[in-house]
Each structure stands twice: as C-alpha cells, then as structure tokens.
Amino acid sequence: MDDFDPAPETDGSHWPDDADTFDRVYDVALGLTTPTSGADVADMATCSPNAAKKHLDRLAEMGIVRADSAARPVRYERDDGYLQWQEASRIVRGLTTDEIVERVRELEAERARYEDRFDATNPDAVSVFDADHDAVHERMATVSDWKAIDRDVRLYELARQLAQNDGHLIRA
C-alpha cells in the first residue's frame, strides 16, 4: 500500500478484510442518492481523497455514477439507470422470456386494480389524507405498494426487452 491507496483502518471498520479500495468506493457510490464530494466518499470508504477520486472517475466512465464536473468540488451520484439495467439483467438470467412476459401481465393487472380503486392512473395523483385518521396509514401503504408495482412493471418490461433482444435493449 502507498499514500495513494492506504490500507483501511481495521479498528471497528465495517468493511470486510478483503475489500480493496475500489470495492469500498464502489459500495459507497452505489448508495449515493444525492450529489456527494469525493472527500465525503473517501471518508465513508476509508481511503484517501485521491484514491476515491480516481475510482469515482473510473465509475463515472463506466456509467455507474454521474459526475457533476461543473460543481466545485466535483460531486458524484449513482446512476439509477445502471442499477435498473443491472436488476433487469438479473431477472433475465433467472427467468425465461415467457415467464417475464407473464410477470409483466400480472403486474399490469395489479396496476389496473389500483387505477380502478382510486380512479386515477398515477399514484402521485392520490391524496392519502382524503380519508379518516385510521385509514390514512392504510392508504399510505396502499399507494406505496402501487408505486412499487409501477416500478416493477417498468423493470420487468426492460427485462422483457433484454430477453427478446439477446441481452440488448435494441435489436442488433
């Protein structure tokens, strides 16, 4: 190890002993939901700011994070598109194309039931507070489930496209 890639501290660190600097920066980067400086990533990944920047720039080139180069200092945020593609690829590896198509049908039917129930096509259009106090929590959970169904429809539809195009989003 050198100054650029110091050994992680082992006193209470939650990182596995075999996690190298790239592994730690990658894990931290996948959790970045708001633009974050390389120095903050370095703190979370238990590495030097230079090492964090080197790996974050590499992850940006790979499309795993987005770098806001106009910000000073540069800020990094995970690219949710990468995670969605990765999750859809996992679905493709685990299910047949017919199973994926059937799952899309099931999810769309569930979504249609929510749309009928709330007489709306978008869960964001539903006010969870248009109910008595006891029903608000149930309504919040229901709308949350509806949003999860919407997300899964999009995810399985992406998986269907990948499965039907031999792992590509568009036909080669």
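**Ground rules**

I number residues from 1 along each chain as its sequence is written, and I work with heavy atoms for side-chain values, with hydrogens and water left out. Since I have a predicted model, I ask for pLDDT of at least 70 for local features and 80 or more for side-chain atom pairs, while totals for chains, interfaces and linings use all residues.

**Entry 1: Glu87**

I looked up Glu87 and found it in helix α4, residues 80–94. Helices here are DSSP runs of H or I with at least four residues, strands are runs of E with at least two, and both are numbered from the N terminus. Glu87 comes out as partly exposed because its relative accessibility is 26%. My scale calls a residue buried under 20% relative accessible area, exposed over 50% and partly exposed in between, with a 1.4 Å probe and protein chains only.

What does Glu87 touch, not counting residues up to four places away in sequence? I get Arg151 and Leu155, where contact means heavy atoms within 4.5 Å. The side chains of Glu87 and Arg151 make a polar contact of 2.7 Å. For that I need a pair of N or O atoms within 3.5 Å; within protein, one must be able to donate a hydrogen and the other to accept it, and residues adjacent in sequence count only if both atoms are side-chain atoms.

**Entry 2: α4 against α6**

The axes of α4 and α6 come within 8 Å and cross at roughly 65°. Axes are lines fitted to C-alpha atoms, for helices over the stretch in contact, and angles run from 0 to 180 degrees between N-to-C directions. On the α4 side the meeting residues include Trp85, Glu87, Ala88 and Ile91, and on the α6 side Arg151, Leu155, Tyr156 and Leu158 are among them.

**Entry 3: α1 against α3**

I did likewise for helix α1 (residues 21–30) and helix α3 (residues 49–61), whose axes come within 10 Å and cross at roughly 65°. This crossing is right-handed. Phe22 and Tyr26 are among the α1 residues that meet α3, where the partners include His55 and Arg58. The charged end of Arg58 sits over the ring of Phe22, 4.5 Å from its centre. My cut-off there is NZ of Lys or CZ of Arg within 6 Å of the ring centre and within 35 degrees of the ring normal. Arg103 lies over the face of Tyr156 too, at 5.8 Å from the ring centre.

**Entry 4: aromatic pairs**

How many aromatic pairs are there? I count 4, pairing rings of Phe, Tyr and Trp (its six-membered ring) with centres within 6.5 Å; planes under 30 degrees apart are stacked, over 60 edge-to-face and the rest tilted. Tyr114 and Trp146 are stacked because their ring centres are 5.9 Å apart and their planes are at 10°. Tyr114 is in helix α5 (residues 97–118) and Trp146 in helix α6 (residues 133–164), 32 residues apart. Both Tyr114 and Trp146 are buried.

Phe118 and Trp146 have ring centres 5.7 Å apart and planes at 10°, so I call that pair stacked as well. Phe118 is in α5 and Trp146 in α6, so this pair ties together parts 28 residues apart in sequence. Phe118 is also buried. Ring pairs join Tyr114, Phe118 and Trp146 into a cluster.

**Entry 5: Asp150**

Leaving out neighbours within four places in sequence, Asp150 contacts Arg111 and Pro123.

I found a cis peptide bond from Arg72 to Pro73, with omega near 0°. Pro73 is in the loop between β2 (65–68) and β3 (75–78).

Thr46 is not glycine, yet its phi is positive, near 55°. I place Thr46 in the loop between α2 (38–45) and α3. Asp119 has a positive phi too, near 50°, and is in the loop between α5 and α6. At 74% relative accessibility, Asp119 counts as exposed.

Notes. Left-handed = near helix turned anticlockwise from the far one by under 90°.
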